[in-house]
Every structure is written in structure tokens, then in C-alpha cells.
Amino acid sequence: MPILDNILLKKAQGKKSLAVLIDPDKHQQTDLRFITSCNQLNIDYFFIGGSFVHKVDLEKTIRFVKQHTDIPLIIFPGDADHIDSSADAFLLLSMISGRNPELLIGKHVQAAQALKESRLEVIPTGYMLIDGGKLTNVSYISQTTPIPSGNTEIAVSTALAGEMLGLKLMYMDAGSGANSTVPPMMVKRVSSAIKLPLIIGGGIRTPDSMQELFSAGADIIVVGNALEENPEMLWEIAMAREI
Ligand code: 1GP
């Protein structure tokens, strides 16, 4: 089944999912023991990528992970050439929280033909950066300003516009290593305004915080840093899907 169909099916069934973010720059996560634990715990997805990753490192990591798991591997690209058919899908991100034309159409034009030739499932995804209390790499590199965490109305309008434009997933991200997560109240308002599956990430470090965001309406939660720092936490985090 295509990955997007699987995400839609899980949403329809009210099932919550966990995506583990693997940053190819940080190798401790890609050891075999960690991947094996992810397999045992039926982690739903691997997201792979980062805002400052070299293509060769990305490809090497994708191949390594792919050799050891059947968990769907989804590229969360940091640039237009982060395309590798060894993965399963590619989030074609439109950074709709920002006003950088390169991230609204420029990179997509650069990537389009290679994506067409690849075997990847391409999933058009609205990407909304929300202020997480510190300047994150994604904000710096994208040269965009995040949506203020207190301005729920802008977040709702942005997500609605993205849905009306035909995007298939919505990803609200406080940025990797954020001090605070996307506020649960904002997640609640956005999830009731749109029908699209909602991905939430950035600064999520505890099962309690995950459960709060799931209850607010997140369908998929992405965890990166917390697991890079403490891979043992995977067990607790995997259990937090059952809310
Ligand atoms: C970043 O949403 C992801 O784009 C994950 O963030 O590394 O803070 O978990 P963390």
C-alpha cells in the first residue's frame, strides 16, 4: 500500500504513529542495535534527513537503514538533491509558513525531473515552522521567520491555505532541538480546521508531551534529538502511541 494511503487509513482508524528522525550527520542513531529496537517496537516510520546534510551521507545512511528494516523510510529533504530511490517516499515540502520563494517553488522545480525518474512515492507536504523559543537551524538556513507560537489564527489560516492548495500532509515543526514544542492548543485548533493528517515535531522529549500532542490532534509525532541523546528512551516513547 502506498505510504500516504497507509497514513490516511491510520488516521481514519484513529491510530497514532511515531516517526523516528534519523539525521545522517549524527551516527549514533544508525547503529544496528537502535534499528533492531525500532523493528521490535514496530515504529511506524523512519524520517531521514536534516537541514544541513551532504547527499553522500544521506545515501549511505539510507542504504544502511534499508538493509536492516522493513519500516517505511521517508526522506525529509534538506535540499533539492536529497533524492535516493533506495528510500520509499519523499516529502515534497512547501514551506508555507515562510515567504522564501525557493522553498515554495524553486527547489521543487530543481527536483522535479529526478523525482519523476525515481521510484519514490512523492508526498506533497505543507511545512510550517512554529517558533520553539530559539533560533533553529531550519529557520537560519531557510531564511524564514517562524509563525509566533502565540498566534494560533495565523497557523490555522496557513494550514487551511495549504489544504486548499492541494497539499496532502501538514507538518508543523518547532525545529530540531527546539526549547518548546508546537503548543498543544495550536495543534488542537489546526487539527480541527483541516482534514489532512497532521505531523508534529521539534523539541518533543517526553512521553507525556507526546501524549498531550496526540490528544490535541497530532496523527504522527516525529522525535529526533531526544533519541539521539538517549536511545534507551525509545521504549517509553513507543508506548506513548497508545493514548
Ligand atoms: C525536526 O521535527 C523534527 O525537524 C524533530 O525535532 O530533533 O527536536 O526531535 P527534534
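Helices and strands here are DSSP runs, numbered from the N terminus, and with that settled I can turn to the structure above, which is a predicted model.

Let me begin with the pocket. Strand S4, residues 89-95, gives the most to the lining of the largest pocket, with 5 residues. That pocket has a volume of about 1000 Å³, and 50 residues line it, with Gly50, Ser51, Pro77, Gly78 and Val138 lying nearest its centre. Besides S4, at least two lining residues each come from helix H4 (106-117), helix H5 (137-142), strand S6 (169-173), strand S8 (220-223) and helix H9 (225-229). If you sort the lining of the largest pocket by class, you find 20 nonpolar, 20 polar and 10 charged residues.

Which residues line the largest cavity? They are Ile7, Lys10, Lys11, Lys15, Ser17, Tyr45, Asp219 and Ile220, and by class this lining has 3 nonpolar, 1 polar and 4 charged residues. Helix H1 gives the most to the lining of the largest cavity, with 3 residues.

Just after H1, Gly14 takes a positive phi of about 70 degrees.

Next, the nonpolar cores. The largest one holds 59 residues, and among these Met172 and Ile200 touch the most other members. Its largest share, 4 residues, comes from helix H8, residues 207-216. Returning to Met172, and setting aside residues up to four places away in sequence, its contacts are Met128, Ile130, Ala155, Val182, Met186, Val190, Leu198, Ile199, Ile200 and Gly201.

Asn42, in the loop between helix H2 (32-40) and strand S2 (45-48), has a positive phi of about 50 degrees although it is not a glycine. Gln143, in the loop between H5 and helix H6 (152-164), likewise has a positive phi of about 50 degrees without being a glycine. For context, most residues other than glycine have a negative phi. Are these two buried or exposed? Asn42 is exposed, with a relative accessible area of 55%, and Gln143 is exposed as well, with a relative accessible area of 69%; the cut-off behind that word is over 50%.

The third, Ile194, is found in the loop between helix H7 (184-193) and strand S7 (198-201). Ile194 counts as buried because its relative accessibility is 4%, where the limit is under 20%. Leaving out residues up to four places away in sequence, Ile194 touches Ala159, Leu160, Glu163 and Met170. Its C-alpha atom and that of Ile96, 98 residues apart along the chain, are separated by 15 Å.

Terms used
Residues numbered from 1 in each chain as written. Predicted model: local features only at pLDDT ≥ 70, side-chain atom pairs only at ≥ 80, totals over all residues. Heavy atoms only, no water. 1 Å grid on protein atoms, 1.4 Å probe; cavity = no way out; pocket = protein on both sides within 12 Å on 5 of 7 lines; lining within 4 Å. Points joined across faces, edges and corners; volume = space filled by probe spheres on them. Nonpolar A, V, L, I, M, F, W, Y, C, P; charged D, E, K, R; others polar. Core = buried A, V, L, I, M, F, W, Y, C linked by side-chain atoms within 4.5 Å. Buried < 20%, exposed > 50% of the residue type's maximum accessible area, 1.4 Å probe, protein only. Contact = heavy atoms within 4.5 Å.
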